[in-house]
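Have the structure open while you read.

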Amino acid sequence: MIRALHRWPGLLALALLIVLALSGAALSVFPMADRLTAPQAGADLTVATLAGRIQAAYPGVEQIRRAPSGRITAYWFGQGAPGAAVIDPATGQGVASADPNPVERWLTTLHRSLFLGDGGRVAMAGAAAAMLVLSLSGAALVARRAGGWLRWVAPLRGPLAGRIHVETARLAVGGLLLSSVTALWMSASTFELLPDGGAPPALPTQVSGATGLAPGGMDALAQVPVAQLRELTFPYPGDATDVFTLKTDRGTGYLDQGDGTLLAWADPTGWARVSETVYMLHTGQGAATLGLVLGLMALGVPALGATGLLTWRAGRRGRPRLKANRPAGQAETIVLVGSEGGSTWGFAATLHAALTAAGQSVHTAPMSAFAPERYVRADRIIVLAATYGDGAAPASARGFLDRLAASDRAPDAPLAVLGFGDRSFPAFCAFAEAVVQAAKAKGWARILPPATVDRQSPQDFARWGRALGQAMGIALELVHRPALPPTEDLTLISRRDYGAEVQAPTAILRFALPRATLWQRLTGAGFARFEAGDLIGILPEGSPVPRLYSLASARRDGFVEIVVRKQAGGLCSGQLTALEPGQTVTAFLRRNPDFHPGRGRAPLILIGAGTGIGPLSGFVRGNAARRPIHLYFGMRHAGSDFFYGEELPGWQAEGRLSRLVTAVSRGARPHYVQDALRGDAAQVADLIRDGARVMVCGGRDMAAGVTEALAEILAPSGLTPAALKLEGRYVEDVY
């Protein structure tokens, strides 16, 4: 529901919103320009003195106005013609033309009505209403994606357009909310849908009948600072019954032109004050700096429109065309897909094609189309479910859980659930787990236990496919070929080998940094920008499926470095560990911003085992600011697996590494990194209480042991690894 409220107003009103935002942003400059260019009155200048100076310069003065910017304008009639000028309050003389700025006037008409009169005003009011809906729904979606309102500024992952969209929304949504609400208020006021803000006091019926007292001699005007003036209107010459009309920030009154007596006064009503505040907030008149800030935020609308459109189109394109997609009532296998950005649809297409090739009749549809009464021939139902934000249903799964809960009983066909997510997030595959629990509550039979795919891993998907095929009694090989970014050839320049003597060949491979084109430098594409902790995808010969490795270097290091252990039967690791200097591999870069140490002086606790030392060593190497870093490194054999053993002492001597603790698991006394942490429990707890960030890299079993150890260490202080993850102070890169 929230997504629909966010998507359709944006798509339908995009052009109007861009015109509204850009014209508003341009108009926000003028109050500040007026403030900077208009002569300003001194703090002790009174209206009486100002009026006296202007009347001396222009005897036929009829009105004096002061704008919220401080600009003072006088209007007079003399020598048979009207005149007007911007006034220097120090002299009372005109210093500039009072004619409206033609550019400002043109922009104002465009902003208010599109030059279409009342019809245009209605259209722009509709655009403001759309902006309000978009701002509210967008804020809710940002909070949901980030994992809650308290994680509003949490790091993001996903396609670039989506990340830019959310980051822009974070910066601009407050200003857009304020601008849209005030715009709707002003539109309602224009069409008299709101009560009148108040009326001036009734004109006095009794006056002195005298004339000729100069305003400079009136005590009532001498008590009003020019800073409070809005307007002073002079009586009509020769009319003894007319009066001076004074309007200030504090109200409106009438003064006798003969003796200067205050004849009547009316304070502004509360409603009038609210209306004036709304006008100030929307136009920036009287709050020029705020106006500029709101104008800058309004510039986010075109960026939000463009990135939102790209994200929407990507989602539409992400749903592939499926060959031989049978009607729901004729299919033996029902595949239901819950996807946010479209990547899960790619896996669904691979599954659909493989099942079809195996002789199955398959119907693949979004989870939102769940209709068990139609699956009359189904032998199984397979759910592929991604997770949105902090555990919410993705875009194509809306209503699935509600329909399941409202059904009288579970479908007859048994269920298989495969979740897609990222283990570095606290809510890993939380929506898939919600589906599993809801199905269990309904007594829905299952084909095989639920499983997960971490970070779109083709290997995880293939393993699950083999288990599914075994349960179905067919051979099922799922070879998923994700869309790859542009690749480059990397040339190996050096290698260091470890572990051969213990039958665990491992190599630190250093590749030459590929040249970056000007366009890549400007856009950050390819290998133009990368940090230790980012991922490099290697395409092994003979396979379309890339393998991902964590980078142990940053662009500034001048090389691309990874740590690779040869796996039994591993195609990619076997090719990499056999690579000789001068040979090349095909690779691409994938950002991994959540596994960067970030800036600041807060200590880092780096925990890794085996090849997990790769990115952690890159963090230490890049620690030129001498940030406190405590490294816990686990290895099997000190003599064969001490990766970066040559560099670590030097980095420690340079102050890049504060402390190194090693744990050897295959020695006389087996010792793991979690044991080393427990041995330093007091120091680790103190560091974390003082704001330290924990970064873990390595195998899943090791990471699970570290989490368990830290839970024990932090329990007395009331902290937990889960709470640290929510704060972004506990991150993992596990495999």
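This is a predicted model: local features need pLDDT of at least 70, side-chain atom pairs count only at pLDDT 80 or more; totals for chains, interfaces and linings use all residues.

Residues are numbered from 1 along each chain as its sequence is written, and side-chain values use heavy atoms, with hydrogens and water left out. Helices (H or I, at least four residues) and strands (E, at least two) are DSSP runs, numbered from the N terminus.

**Helix pairs**

Two packed helices are described by the angle between their axes and the distance between the axes. Here the axes are lines fitted to C-alpha atoms, for helices over the stretch in contact, and angles run from 0 to 180 degrees between N-to-C directions. The table has the geometry.

| Helix pair | Axis distance | Angle |
|---|---|---|
| helix 2 (residues 14–27) and helix 5 (102–113) | within 9 Å | roughly 150° |
| helix 21 (residues 681–689) and helix 22 (residues 700–714) | 9 Å | about 80° |
| helix 12 (residues 343–357) and helix 15 (residues 458–472) | within 12 Å | roughly 35° |

Take helix 2 and helix 5 to begin with. Their axes cross at roughly 150°, so the two helices are roughly antiparallel to each other. For the wording: angles under 35 degrees count as roughly parallel, over 145 as roughly antiparallel, 65 to 115 as roughly perpendicular and the rest as oblique. The crossing of helix 2 and helix 5 is left-handed, meaning that the near helix is turned anticlockwise from the far one by less than a right angle (clockwise would be right-handed). On the helix 2 side, the contact (heavy atoms within 4.5 Å) is made by Val-19, Leu-20, Ser-23, Gly-24, Ala-26 and Leu-27, and on the helix 5 side by Glu-104, Leu-107, Thr-108, Leu-110 and His-111. Sorted by class, the residues of this contact are six nonpolar, four polar and one charged. In that sorting, Ala, Val, Leu, Ile, Met, Phe, Trp, Tyr, Cys and Pro count as nonpolar, Asp, Glu, Lys and Arg as charged, and the others, Gly among them, as polar.

Now helix 21 and helix 22. They pack at an angle of about 80°, which makes helix 21 roughly perpendicular to helix 22. Ala-681, Val-684, Ala-685 and Ile-688 of helix 21 meet Leu-710, Ile-713 and Leu-714 of helix 22. The class count for this contact is seven nonpolar, no polar and no charged residues.

The crossing of helix 12 and helix 15 is right-handed. Helix 12 brings Phe-347, Thr-350, Leu-351 and Leu-355 to the contact, and helix 15 brings Phe-461, Trp-464, Leu-468 and Met-472. These residues come out as seven nonpolar, one polar and no charged.

**One side of helix 4**

Which residues of helix 4 are buried? In helix 4 (residues 47–57), they are Val-47, Ala-48, Leu-50, Ala-51 and Ile-54. They cover an arc of only 160° around the axis, so they sit on the same side of helix 4; the arc is that of the directions from the helix axis to the C-beta atoms. Buried means under 20% relative accessible area, exposed over 50%, partly exposed in between (1.4 Å probe, protein chains only). The cover over these buried residues includes strand 1 (61–66), strand 2 (72–78), strand 3 (81–88), helix 8 (219–222) and strand 5 (229–233).

Phe-115 is not a glycine, yet has a positive phi of about 65°. Look for Phe-115 in the loop between helix 5 and helix 6 (117–146). Phe-115 is partly exposed, at 42% relative accessibility.

Arg-626 is another non-glycine with a positive phi, of about 60°. Arg-626 is in the loop between helix 18 (613–621) and strand 21 (629–635), and is partly exposed with a relative accessible area of 36%.

Gly-524, in the loop between helix 16 (518–523) and strand 16 (535–539), is buried at a relative accessible area of 6%. Not counting residues up to four places away in sequence, Gly-524 touches Arg-529 and Arg-591.

Asp-34 lies in helix 3 (residues 29–37) and counts as buried at 16% relative accessibility. With the sequence neighbours up to four places away left out, Asp-34 touches Gln-40, Ser-69 and Arg-71.
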